[in-house]
Amino acid sequence: MKILAIESSCDETAAAVVEDGRKVLSSAVNSQVEEHRKYGGVVPEIASRRHTENIVGIVDEALREAGCNLEDVDAVAVTAAPGLIGALLVGVNYAKGLALAAGKPLIPVHHIRGHIAANYLAHPDLKPPFLCLVASGGHSHIIEVKSYTEFSVIGKTRDDAAGEAFDKAARAMGYPYPGGVFVDKAAQKGDPAKYPLPHPKVEGSPYDFSFSGLKTAVINLIHNAAQKGQEVDTDPLCASFQKTVAEILTGRLMLAADTYGYRTIVVAGGVSANSGLRSMLENACQEQGYQLYMPPLNLCGDNAAMIGSQAYYEYLDGQIAGLSLNGTASMPIDQPLV
């Protein structure tokens, strides 16, 4: 089964053709990072306009790369939620139009489910059940993946997501958006012991995260040094910050795995590209005897291939949007994860 998938939840306009949920026939991505960098983050209005301008070309590129046309695909899939509402609507409405015009089923996909499914593309032997950490700019979740379409959230962030904390701390240190990659590179040159940072916890919720206080600690450290006329050594500060985030994510994940009895661990989302987190997770899983699966770097960030992968399993489960000639679709924009 070939699925044409579209992703437009934030600042990447992406399309892909995926076969049977496991084989990527094509993947095209147009990134808006350079344009948003001048503003220090994603501007929703600009993102929506660029999706409108780019989506036709990106879908055509994905179909061309896969060696097929719209008639050759069996269904159209699209990210339905969560994300920037205007950006999502561009992808959803374009996908609705394609599906209606071609008489193809339309499959709505939850963005977080898509990130988890990126691992199916990279690891043919991976099957549920397993425990998954999803860490990205907007999400930090520990999720029980009970089946391809059945999920249970064990823990999540109460404030900032891990990737958001990376970007805000990086901006305070003078790095451009998106800051995570710059922190990662600087951290490899610094001593993580030079600037001890707090490990915030949520009382009574051992699997939940809180990164706002950690981000604030970095900002206060920089401001206090500036008031004293001192300079902060950014390499070790990056190393300390990265190590702290990795310890928090890894610690909560290992605790959940032990408590819930999972021995297969999966990581997904943009922050899963962070070298410090990947290394710490590898060591922790090796010590505990857990099997660890992580996506390759090209599948960590937002892409449509992961949406096409999850869409296959949603289709098998009967999760298809209803379409009518008046253009309406029974596909809520707030599609739940669980």
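The legends below describe close-up views of a predicted model.

**View 1. The largest pocket and its lining.**
The largest pocket has a volume of about 1,400 Å³. Its lining comprises 44 residues, and those closest to the pocket centre are Ser136, Gly137, Asp167, Tyr177 and Pro178. Five elements each supply at least two lining residues: strand S3 (23–31), helix H1 (33–37), helix H4 (111–122), helix H5 (162–172) and helix H6 (180–187). H5 gives the largest share of the lining, with 6 residues. By class, 17 lining residues are nonpolar, 17 are polar and 10 are charged.

**View 2. Helix H7 against helix H8.**
H7 spans residues 212–227 and H8 spans residues 234–260. Their axes come within 11 Å and cross at roughly 165 degrees. That angle makes H7 roughly antiparallel to H8. The crossing of the two helices is right-handed. From H7, the contact uses Leu214, Val218, Leu221 and Ile222. Facing them in H8 are Leu237, Phe241, Thr244, Val245 and Ile248. The residues of this contact of H7 with H8 divide into 8 nonpolar and 1 polar, with no charged residue.

**View 3. Helix H8 against helix H9.**
H9 covers residues 275–288. H8 and H9 pack at about 35 degrees, with axes 9 Å apart. The crossing of H8 and H9 is right-handed. On the H8 side, the contact residues are Gln242, Lys243, Ala246, Glu247, Leu249, Thr250, Leu253 and Met254. On the H9 side, they are Ser275, Gly276, Leu277, Met280, Leu281, Ala284, Cys285 and Gln288. Sorted by class, the residues of the H8 and H9 contact are 9 nonpolar, 5 polar and 2 charged.

**View 4. Helix H4 across helix H10.**
H10 runs over residues 305–316. H4 and H10 pack at an angle of about 95 degrees, and their axes are 7 Å apart. The two helices, H4 and H10, are therefore roughly perpendicular to each other. H4 brings His111, Arg113, Gly114, His115, Ala117, Ala118, Tyr120 and Leu121 to the contact. H10 brings Ala305, Met306, Ile307, Ser309, Gln310, Tyr313 and Glu314. The residues of the H4 and H10 contact divide into 8 nonpolar, 5 polar and 2 charged. H4 also supplies at least two residues of the lining of the largest pocket shown in View 1.

**View 5. The cis peptide bond at Pro82.**
Most peptide bonds are trans. The bond from Ala81 to Pro82 is cis, with omega near -15 degrees. Pro82 sits in the loop between strand S4 (75–81) and helix H3 (85–102).

**View 6. The cis peptide bond at Pro129.**
Here a cis peptide bond joins two prolines, Pro128 and Pro129. Omega for this bond is about 5 degrees. Pro129 is found in the loop between H4 and strand S6 (130–135).

**View 7. Positive phi at Asp20.**
Most residues other than glycine have a negative phi. Asp20 has a phi near 55 degrees, a positive value in a residue other than glycine. Asp20 lies in the loop between strand S2 (12–19) and S3. S3 also contributes at least two residues to the lining of the largest pocket.

How values were computed
Residues are numbered from 1 along each chain as its sequence is written. This is a predicted model: local features need pLDDT of at least 70, side-chain atom pairs count only at pLDDT 80 or more; totals for chains, interfaces and linings use all residues. Side-chain values use heavy atoms; hydrogens and water are left out. Axes are lines fitted to C-alpha atoms, for helices over the stretch in contact, and angles run from 0 to 180 degrees between N-to-C directions. Helices (H or I, at least four residues) and strands (E, at least two) are DSSP runs, numbered from the N terminus. Angles under 35 degrees count as roughly parallel, over 145 as roughly antiparallel, 65 to 115 as roughly perpendicular and the rest as oblique. A crossing is left-handed if the near helix is turned anticlockwise from the far one by less than a right angle, and right-handed if clockwise. Contact means heavy atoms within 4.5 Å. Ala, Val, Leu, Ile, Met, Phe, Trp, Tyr, Cys and Pro count as nonpolar, Asp, Glu, Lys and Arg as charged, and the others, Gly among them, as polar. On a 1 Å grid over the protein atoms alone, a cavity is a set of points where a 1.4 Å probe fits but cannot get out, and a pocket is an open set with protein on both sides within 12 Å along at least five of seven lines; lining residues have an atom within 4 Å of a point. Grid points are joined across faces, edges and corners, and a volume is the space filled by probe spheres set on the points.
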